[in-house]
Amino acid sequence: MHGTARIQKPRKKSAKAFWMKQLHTWHWVSSAISLIGLLLFAFTGITLNHAADVEASPQTIEKSATLPADLLKQVAAYDAPDAKKPLPAPVAAWVEKSVGQSGQGVAEWSADEIYLALPRPGGDGWVSIDRHDGKVSSESTSRGWISYLNDLHKGRNAGGAWKWFIDIFSIACFVFALTGLVLLQIHAKKRPSTWPLVAAGLAIPAILAIIFIH
């Protein structure tokens, strides 16, 4: 009996040590993954909260050109209903070369005009093509790097890759917070202020929301 008890105790201790090691590993790995993102989102949280105090100086660039005759034939007016579709590849390449705007994306085709909206983080843009005479007009607006970071915070016009980054970053933050909560529980006996601080972190925003937000 005594021999059996001596064998089981080290096994139990070994299992506990294994899971503690896993917990710490997941905690520091998730914190490393989410660190830069947390700093970015914390900074842009302040800039978004004080957007009215952060002055932006939009810079707008306008350009115009005329579509060559051979390319005009590919977008010439016809009586088909309005549609949404990309520009023909040669036309898109010419637009990018001639007016410095991307020709990619889904454009709005009407009987007289093709309009391609080009929103992006921290700015905006558009290209318009007259389907009768081939006149091309474009406009590009930049609102500065703070606006760029704010739009990344909101995921505004940032594309699919950034959407995936936000998902992965959110998962890393969740793992970081959850493993941190378990570590708090483990060390709470030696740190009496642990749970009062956690409770304050919940109570303060809840009270502010109930009292001041209607």
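Colleague: What makes up domain 1 and domain 2?
Modeller: Domain 1 takes 16-50 + 159-207, and domain 2 takes 59-143. The bounds come from an automatic or database domain assignment. The C-alpha centres of the two domains lie 45 Å apart.

Colleague: What are these values computed on?
Modeller: This is a predicted model, where local features need pLDDT of at least 70, side-chain atom pairs count only at pLDDT 80 or more, and totals for chains, interfaces and linings use all residues. Residues are numbered from 1 along each chain as its sequence is written, and side-chain values use heavy atoms, with hydrogens and water left out.

Colleague: Why is the contact of D151 with R156 called a salt bridge?
Modeller: The rule asks for a side-chain nitrogen of Lys or Arg within 4 Å of a carboxyl oxygen of Asp or Glu. The closest N and O atoms of D151 and R156 are 3.0 Å apart, so the pair meets the rule.

Colleague: Which residues are linked in the network of salt bridges?
Modeller: R143, D151, K154 and R156. D151 pairs with R143 at 3.5 Å and with K154 at 3.7 Å, N to O. The count comes to three salt bridges.

Colleague: Where do K154 and D151 lie?
Modeller: Both are in helix α4 (residues 145-154), three residues apart, about one turn of the helix. Helices here are DSSP runs (H or I, at least four residues), numbered from the N terminus.

Colleague: Why is D151 called buried?
Modeller: Buried means under 20% relative accessible area, exposed over 50%, partly exposed in between (1.4 Å probe, protein chains only). D151 has 3%, so it is buried. R143, at 25%, counts as partly exposed. R156 has 30% and is partly exposed.

Technical notes:
Helices (H or I, at least four residues) and strands (E, at least two) are DSSP runs, numbered from the N terminus.
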